[in-house]
Amino acid sequence: MSERASPTIVAYLKPVCGWSNSVRAVLQKYDLPYEDRDIINDRSNYSEMVRKSGQPLSPCVEIRSEEHTSELQSRLHLVCRLLLEKKK
């Protein structure tokens with residue numbers, strides 16, 4: 001039997017930024033492991049973010065998953081909704 005792979009979450013964030021801190025807080029609140037990539041002190045992270053997203057703004061979150069289960073979809077939708085609410 002093969003195990004289901006967890007989604008990979010990569011967050012392109014600024015070290016000191018209210019919106020970036022909101023992304024961190026929501027991901028941590030829901031115990032979602034993620035990789036925090038500093039786009040200010042590591043310009044290669046910034047370049048990668050722009051290349052992948054097609055835009056220069058942060059925060060930018062990439063979620064990769066081979067399989068989208070309904071439970072995963074529900075958690076991701078909740079996280080996205082919370083992040084959008086925090087921006088208002």
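Trainee: Which residue just after helix 2 takes a positive phi, and of about how many degrees?

Mentor: The residue is glycine 54, which stands just after helix 2 and has a positive phi of about 80 degrees. Helices (H or I, at least four residues) and strands (E, at least two) are DSSP runs, numbered from the N terminus. Before going on, keep in mind that this is a predicted model, in which local features need pLDDT of at least 70 and side-chain atom pairs count only at pLDDT 80 or more, while totals for chains, interfaces and linings use all residues. Residues are numbered from 1 along each chain as its sequence is written, and side-chain values use heavy atoms, with hydrogens and water left out.

Trainee: Where in the protein is confidence lowest, and where is it highest?

Mentor: The score to read is pLDDT, the predictor's confidence in each residue, from 0 to 100. Where pLDDT is low, the predicted coordinates should not be read in detail. The protein averages 83, and 80% of the residues score at least 70. Confidence is lowest in helix 3 (residues 70–87), with a mean of 70, and highest in strand 2, at 97.

Trainee: In what order do the elements run from the N terminus on?

Mentor: The protein has 3 helices and 3 strands, and they follow one another as β-α-β-α-β-α.

Trainee: What is the order of the strands in the sheet?

Mentor: To read a sheet, look at which strands pair, that is, those between which DSSP finds at least two bridges. Here the 3 strands form an open sheet in the order 2-1-3, with mixed pairing. Strand 2 (35–38) and strand 3 (60–64) are at the edges with a single partner strand each, so one side of each has no neighbour in the sheet. From one strand to the next, the twist averages 20 degrees. Strand 1 (residues 8–13) runs parallel to strand 2, to which 4 bridges join it, whereas its pairing with strand 3 is antiparallel, over 5 bridges. Valine 10 illustrates both pairings, standing opposite glutamate 35 in strand 2 and having glutamate 62 as its bridge partner in strand 3.

Trainee: Which strands does helix 1 lie across, and at what angle does it run to strand 1?

Mentor: For angles, axes are lines fitted to C-alpha atoms, for helices over the stretch in contact, and the angles run from 0 to 180 degrees between N-to-C directions. Helix 1 (residues 18–29) lies across strand 1, strand 2 and strand 3, and runs at about 155 degrees to strand 1.

Trainee: Which residues of helix 2 are buried?

Mentor: An α-helix has 3.6 residues a turn, so residues three or four places apart point the same way. In helix 2 (residues 43–53), Asn45, Glu48 and Met49 are buried. Seen down the axis, these buried residues fall within an arc of 100 degrees (taken from the directions from the helix axis to the C-beta atoms), so they line one face of the helix. They pack against strand 1, strand 2 and strand 3, while the face turned away from the buried side carries the exposed residues Arg43 and Arg51.

Trainee: Which residues make up the largest nonpolar core?

Mentor: In soluble globular proteins, nonpolar side chains tend to be buried together. A nonpolar core is a set of buried Ala, Val, Leu, Ile, Met, Phe, Trp, Tyr and Cys residues joined through side-chain atoms within 4.5 Å. The largest one has 9 residues, namely Ile9, Ala11, Leu13, Val23, Val26, Leu27, Leu32, Val79 and Leu83. Strand 1, helix 1 and helix 3 are the elements that give two or more residues to this core. Another core, of 5 residues, lies apart from it and includes Val10, Ile39, Met49 and Cys60. Strand 1 itself is mostly covered, with 5 of its 6 residues buried.

Notes. Contact = heavy atoms within 4.5 Å. Buried < 20%, exposed > 50% of the residue type's maximum accessible area, 1.4 Å probe, protein only.
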